[in-house]
Amino acid sequence: MNVQDIMRVLDAELICGEDNLDVEVHNACGSDMMSDVLAYVKDQAVLLTGLVNIQVVRTADMMDMVCIVFVRGKEPDADMIALAERRGMVMLKTQHRMFTACGLLWENGLRGGGKANEHLKMDL
Amino acid sequence: MNTLKWTYEVDGSDFTRAGEASSAVKKNLRKLGVPPEAIRKVSIALYEGEINMVIHANGGVITVEMTPEKIDMVLADTGKGIPDIEQAMKEGWSTAPDEVRSLGFGAGMGLPNMKKYSDEMKIDSTVGVGTTVYMTVYLQ
Ligand SMILES: Nc1ncnc2c1ncn2[C@@H]1O[C@H](COP(=O)(O)OP(=O)(O)OP(=O)(O)O)[C@@H](O)[C@H]1O
Ligand SMILES: [Mg+2]
C-alpha cells in the first residue's frame, strides 16, 4: 500500500508531506517509546505513535522512515512539522487509538518486524 | 590524507535540540555519497549517544572524523559519569527518571544499540568527572 492508502484506511488527516503520498510502504511499527523504535525497528517505513515531541521526528529521520501517524488525534507542534517538511516526511493524524490503528493497517496488508528476541540475533 | 572533521557542541539543557548534531552528520554523509548502510549505522549510534549526553550528562562535545576507511565518533561529556559500565551496557538497565520516560526514552536500550550499530565501541568514564564514548564505523 502507499501513504494515501494509510490515510484512507485510518480516516486520517494530512498534516504535511503532500508530495510523498504515493510512496509505497510495506512495514510499520507502533510505539510511544523512541528507545524501542531505535533498538528494534529495521526497515519499517511507518511509525505510529501517541508521543508528541520533536524527538519523534528525529527518531523517524534517523531510521529513514517515510511517514509518522499520530494516533488518538495527537497534534505535532510547528517545530515538528517544519522538521518533517525539511526531511520530506509525511505526517498524518488519526482519531483511532493505537491498537485499532495498527489492526486496521495490518488487515490491509502492512506488516511489522520480527519478534524482539529474533531481532537481537539478527544481523544488520 | 583526506580527513574530514566535524565538531558539535551539544547543549545539555535543551532536550528539544538533542539530535541536531547527529542530524547534521547524517546530512553531511549523504552529501558525500557515503553508502546508506554506513550512514544508518552512524546516524543511529550517534543519535543514541547524543540523547544520552543530554538526558544523563550536561551535554558536551561530539567530534566526527572521516577518512576513506572509517568514521570515528567521539562523544565527550563532563557529566556525572557511569559507576558500572558493564551494568550500563546491559539491555534494560536505566537510571533515567520517569520524566525522561515520558519523553519516549529511558528503556536502557541505547548503549547496547550503540554497540550493535558501531563496529567498535569503547567507553571511558569516571564518576564525577565525565564520560567519553568512542565509536567507529568502517567504510570498507
Ligand atoms: N553519557 C552518560 N553519562 C552518564 N551516565 C550515562 C551516560 N550514558 C549512559 N549512562 C548511564 O547508562 C544507563 C544506560 O544507558 P542507555 O543509553 O543504555 O539507556 P537509557 O539512556 O537509560 O535509555 P534509552 O537509551 O533506552 O533511552 C543510563 O540509564 C545511565 O545511567
Ligand atoms: Mg540512552
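## Where the chains meet

Welcome to the interface: 30 residues of chain B are in contact (heavy atoms within 4.5 Å) with 25 residues of chain A. This is a predicted model, in which local features need pLDDT of at least 70 and side-chain atom pairs count only at pLDDT 80 or more, while totals for chains, interfaces and linings use all residues. Residues are numbered from 1 along each chain as its sequence is written, and side-chain values use heavy atoms, leaving out hydrogens and water.

About 2,300 Å² is buried between the two chains, and carbon and sulfur atoms give 54% of that. Buried area here is the accessible area (1.4 Å probe) that two parts lose on being put together, summed over both. On the chain B side, the residues losing the most area to chain A are B:Arg40, B:Tyr47 and B:Lys116, together 25% of what that side buries.

B:Arg40 takes part in a salt bridge with A:Asp64, at 3.4 Å from N to O.

## The helices of chain B

Helices are DSSP runs (H or I, at least four residues), numbered from the N terminus. In chain B, α1 (20-31), α2 (36-55) and α5 (110-117) each supply at least two residues of the side that touches chain A. The largest share, 8 residues, comes from α2(B).

Helix α5 of chain B also holds B:Gly110.

Note on methods. Chains are lettered from A and ligands numbered from 1 in the order in which they are written. A salt bridge is a side-chain nitrogen of Lys or Arg within 4 Å of a carboxyl oxygen of Asp or Glu.
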